[in-house]
Amino acid sequence: MDKAQVIASVAGDLHASEKALDEAITRATTLVQSMIGSREALNISAVVGADSQARALEAIASLGAARQALIACHAELAKDHRRLGYGVYAEIAEKYPEGQKPKVVGEHRLRAV
C-alpha cells in the first residue's frame, strides 16, 4: 500500500466511526422516545420507568461525549496530516490524471517565516 492508500484507509475508518456514533445516538434517542410513548399509551405513571429512562439518557450523554472525543480526534488527525506535508486532501491524486493538477483560483504566494 502506498501512502495515499494508507491515509485514505484511516480517513474511511474515521468517517465510518463518526457515522456509527451518529447512528447510535439516533437509535438511543429513539429508544427514549419509545419508552415515553409506550408509557403514555399504557397510561402508566412516569415513576414506573424513571430509572430505566434515566439510564438511557445517561447512555445518550456518554455517546455525546464519545462523539466530542471523536471530533477532537478528527481535528488532530487533520493537523497531523498537514504537518506531515500531505496537504489538505488525501484523495486529490485519485481525482486528476497523472501530471494534471486542479486549477488554482486567486493569488497564492509563499509567506516569509
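Mentor: Happy to! Helices here are DSSP runs of H or I with at least four residues, strands are runs of E with at least two, and both are numbered from the N terminus. By that rule the protein chain has 3 helices and 0 strands, and it reads α-α-α along the sequence. Please keep in mind that this is a predicted model, where local features need pLDDT of at least 70 and side-chain atom pairs count only at pLDDT 80 or more, while totals for chains, interfaces and linings use all residues. Residues are numbered from 1 along each chain as its sequence is written, and side-chain values use heavy atoms, with hydrogens and water left out.

Let's look closely at asparagine 43. This residue lies in the loop between helix H1 (3–41) and helix H2 (50–83). Most residues other than glycine have a negative phi. Asparagine 43 is exposed, with a relative accessible area of 70%; exposed means over 50% relative accessible area, buried under 20% and partly exposed in between, using a 1.4 Å probe and protein chains only.

Now follow the chain back from the loop. H1 has 39 residues and reaches 56 Å from its first C-alpha to its last, close to the 57 Å expected; the expected span of a helix is 1.5 Å times one less than its number of residues. Its buried residues include Ile7, Leu14, Leu21, Ile25 and Val32, with Glu18 and Arg39 also among them. H2 is part of what covers the buried residues of H1.

Gln53, Ala56, Ile60, Leu70 and His81 are buried in H2, and their cover includes H1. After H2 comes glycine 85, whose phi is positive, near 85 degrees.

Finally, the chain as a whole. Contact means heavy atoms within 4.5 Å, and among contacts with a separation of 6 or more, 67% join residues 24 or more positions apart. Buried residues make up 12% of the 113 residues. The chain exposes about 9300 Å², with carbon and sulfur atoms supplying 58% of it; accessible areas come from the Shrake-Rupley method with a 1.4 Å probe, and for residues only the protein chains shown count as cover.
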